[in-house]
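Let's take a walk through this protein together, beginning with the whole chain and then stopping at a few places along it.

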Amino acid sequence: YYNIINQIIKNKWYANISKNTIGYPQTELILCHGDLHSNNILINSSQNPILIDYGNMGYKHWSTDICKLIVDLFIRGIDIDDYKYFSLSTIEEWCPQAKQLIKGIELSNSKPDGFRIAINWLVANAKNIFPQYEQWEFQLGLALQFLKSSYKTMTLPPGKRVVCILSACSAIIEANNNIKEYVNNRKDNKK
């Protein structure tokens, strides 16, 4: 029985899980921006994006930049113009949306906005952007970024931080389910 949560605790880092546990080759590190969030993307007069702030650039896991950007857009998009910082409605509305995102299901656009459009595009195209894409690795990348966002006590209100913690838990559970499926498929293919 494979349990990703125990492996995270044992290895102290999610990127080592594949190599240390199931014989899956360790993901090759790729050159990443390292701090890709919406404040580090400018749009020029031709509507083309320009990335700024390369201070954290380096070789990292393939999911680093895309997951950081997706979580940033998701958290910023929650109740964008609503200042009810202690409202539980944020949690009740956005946790199901986060679960959709984690499962790769398009976020509903009951009120279309640029945040959801960008998130849906990134999630739908992640497999095309990264040839090494594995859903469980993507979900662990999301979990890591949600966890990192959950401790931004000075910049995120409590309701958003709760959404981050609950979303990280959901992402780890989904990744665990997907890695079990991956391991079982490998066993079946060896027979």
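A residue is called buried when its relative accessible area is under 20%, exposed when it is over 50%, and partly exposed in between, using a 1.4 Å probe and protein chains only. By that rule, 45% of the chain's 191 residues count as buried. Please keep in mind that this is a predicted model, where local features need pLDDT of at least 70, side-chain atom pairs count only at pLDDT 80 or more, and totals for chains, interfaces and linings use all residues. Residues are numbered from 1 along each chain as its sequence is written, and side-chain values use heavy atoms, with hydrogens and water left out.

Now follow the chain from its N terminus: the elements run α-α-β-β-β-β-α-α-α-α-α. That gives seven helices and four strands, where helices (H or I, at least four residues) and strands (E, at least two) are DSSP runs numbered from the N terminus.

Next, find helix α3, which covers residues 63-77. From first C-alpha to last, its 15 residues reach 21 Å, close to the 21 Å expected at 1.5 Å a residue; the expected span is 1.5 Å times one less than the number of residues. Most of α3 is covered, with 13 of its 15 residues buried. Just after α3 comes Asp79, whose phi is positive, at about 45 degrees.

Our last stop is Glu92, in helix α4 (residues 89-103). Is Glu92 buried or exposed? With a relative accessible area of 60%, Glu92 is exposed.
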